[in-house]
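Please open the structure in the viewer and keep the selection panel at hand. The stops below proceed from one selection to the next.

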Amino acid sequence: MDPGYGLRMTPGPLTTKVSLTYTMSMSMNSACEHLEDPDWENIEGAVLIAGEAADAVTIAGICARLPWDAHGVILLEAAARIQIRHIDVPEGISVRWLLRGDGIGQHTKGERLGNAVYAWCVEWACAEPPAQWTVWLGPHTPPRVARMARSLLGVAN
């Protein structure tokens, strides 16, 4: 197992929250879920970093450690515009805030994030995968989004 990528345990108020990291490289036959903290300074290939607005501080810390030539996307779901914050990223990384909205058109928690993670996985990791990719899901990501990502990426539950 490559010690440079990982699954990080973060204590939550009532339970233990887990951020999940999946990687794939040409030397692997399938995607792997890792146990060590990611080595973001030396990450290679396409990157997807996704989570809820509550993960924004952690994600900003990850972005501060990404190499200047990193490429990929950060997806964050928020209930309201007031949760949106600026995150400094390398030039090749885009940040997309996904608002759930309010009233009759409101999306359920994780719905917009799940759709966006699904689209990324299909485009980058399933259809014509790059030589290497990394997917990080924040500890506040709804479990159904993590299950869907595991399934699409070929990671055993």
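The model on display is a predicted one. Begin by selecting helix α3, which spans residues 143-153. Within this helix, colour Val-145, Ala-146, Ala-149, Arg-150 and Leu-153, which are buried. Viewed around the axis, these residues cover an arc of only 135°, so they lie on the same side of α3. Next, select Pro-143 and Ser-151: both are exposed, and they sit on the face of α3 that is turned away from its buried side. To finish with this helix, move to Gly-154, which follows α3 and has a positive phi, near 75°.

The second stop is strand β4, formed by residues 46-52. Select Glu-52, which belongs to this strand. Is Glu-52 buried or exposed? Its relative accessible area is 5%, which lies under the 20% cut-off, and therefore Glu-52 counts as buried. Now display the surroundings of Glu-52. Leaving aside residues up to four places away in sequence, Glu-52 touches Leu-76, Glu-77, Arg-100, Lys-109, Gly-110, Leu-113, His-140, Thr-141 and Pro-142.

The last stop concerns cysteines. Select Cys-63, which is buried at 4% relative accessibility. Then select Cys-121, also buried, with a relative accessible area of 0%.

Definitions and conventions. Residues numbered from 1 in each chain as written. Predicted model: local features only at pLDDT ≥ 70, side-chain atom pairs only at ≥ 80, totals over all residues. Heavy atoms only, no water. Helix = DSSP H or I, 4+ residues; strand = E, 2+ residues; numbered from the N terminus. Buried < 20%, exposed > 50% of the residue type's maximum accessible area, 1.4 Å probe, protein only. Contact = heavy atoms within 4.5 Å. Arc of directions from axis to C-beta.
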